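Trainee: Could you take me through one part of this model up close? I'd like to know how its neighbouring pieces pack.

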Amino acid sequence: LKAAPTAAERSVLARCREQLLAARGRRVPPLRDDKVLTDWNGLAIAALARASWVLGEAAYHHAAQAAAEFGLKTLRDEAGRLRHRYREGEAAIAAFLDDYAFLAWGLLELYDADFDPRWLREAAALMTTLLAQFRTEEGVLSLTAADAETLFLRPCETHDGALPSGNSVALANLVRLGLLTGEMKWAGEAEALRRAVSGAAGRAPLGHTALLCGLDLALGPTREVVVCGERDGA
């Protein structure tokens, strides 16, 4: 085992660090990627919210709340539509499918963590816009909105890679909204999307693992638990 450095050795190391920092300071510093992405924030909100109630960590819950507040307030344009990225005080670029699906996912997880109905309402509003703007004639969801300036073809992806696809997350969101609200319209939308994407999952199940999770949730069985009473009651 190596002994801890002596005071003299620590002094030498400190001077070496200063000289190294001074030498590096003469170089052009690398660029820093400091943009805020709506879809990635949605994933972070979902992870933090779930971790908050699984682990009982209030700090994770507060972080999820803060990120959700920022997204709903700052990552939108004047018409209320989401933007894809935020940097240096500017929210720009029309949002993609993943932006809507992932942020709605985060809000649903946040609702599960604190039962604030606002998160459920906001998630439902995002999914309403998602269906209106991203659904194609075939029923699959496109990566770009119908009114976005894009190529003459609207790309559609269902396979899950390092990140789940927007179609996979949207399906799970729709199923959860149906279960949480009891509104049949969400169940109908989930069924329509399930039928549109199930063929791809059947042909390559290992490439659609997140989609299969949504299909599993849709096909059930599920249990509904209703707790009645005063929020602060014993």
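**Helix pairs, up close**

Mentor: Let's start with α7 and α8, whose crossing is left-handed (the near helix is turned anticlockwise from the far one by less than a right angle; clockwise would be right-handed). Before we go on, this is a predicted model, where local features need pLDDT of at least 70, side-chain atom pairs count only at pLDDT 80 or more, and totals for chains, interfaces and linings use all residues. Residues are numbered from 1 along each chain as its sequence is written, and side-chain values use heavy atoms, with hydrogens and water left out.

Helix α7 covers residues 184-203 and helix α8 covers residues 209-219 (helices are DSSP runs of H or I, at least four residues; strands are E, at least two). Their axes come within 11 Å and cross at roughly 130 degrees, and α7 and α8 are therefore oblique to each other (under 35 degrees is roughly parallel, over 145 roughly antiparallel, 65 to 115 roughly perpendicular, the rest oblique). On the α7 side, R194, V197 and A201 meet L211, L212, L215, A218 and L219 of α8 (contact is heavy atoms within 4.5 Å). That contact splits into 7 nonpolar residues, no polar ones and 1 charged.

Now look at α2 (residues 38-55) and α3 (residues 58-74), which pack at about 155 degrees with axes 8 Å apart. That angle makes α2 roughly antiparallel to α3. The crossing of α2 and α3 is left-handed. From α2, the residues N41, I45, L48, A49, A51, S52 and L55 touch Y60, H61, A63, A64, A67 and A68 in α3. Here the tally is 10 nonpolar, 3 polar and no charged residues.

Stay on α3 for a moment and find F70, which sits in that helix. A search of the whole structure turns up 3 aromatic pairs (rings of Phe, Tyr and Trp, for Trp the six-membered one, with centres within 6.5 Å; planes under 30 degrees apart are stacked, over 60 edge-to-face, the rest tilted). One of them joins F70 and Y86: their ring centres are 5.3 Å apart and their planes stand at 90 degrees, so the pair is edge-to-face. F70 itself is partly exposed, at 28% relative accessible area (with a 1.4 Å probe and protein chains only, buried is under 20%, exposed over 50%, partly exposed in between).

Definitions and conventions. Axes fitted to C-alpha atoms, helices over the stretch in contact; angles between N-to-C directions. Nonpolar A, V, L, I, M, F, W, Y, C, P; charged D, E, K, R; others polar.
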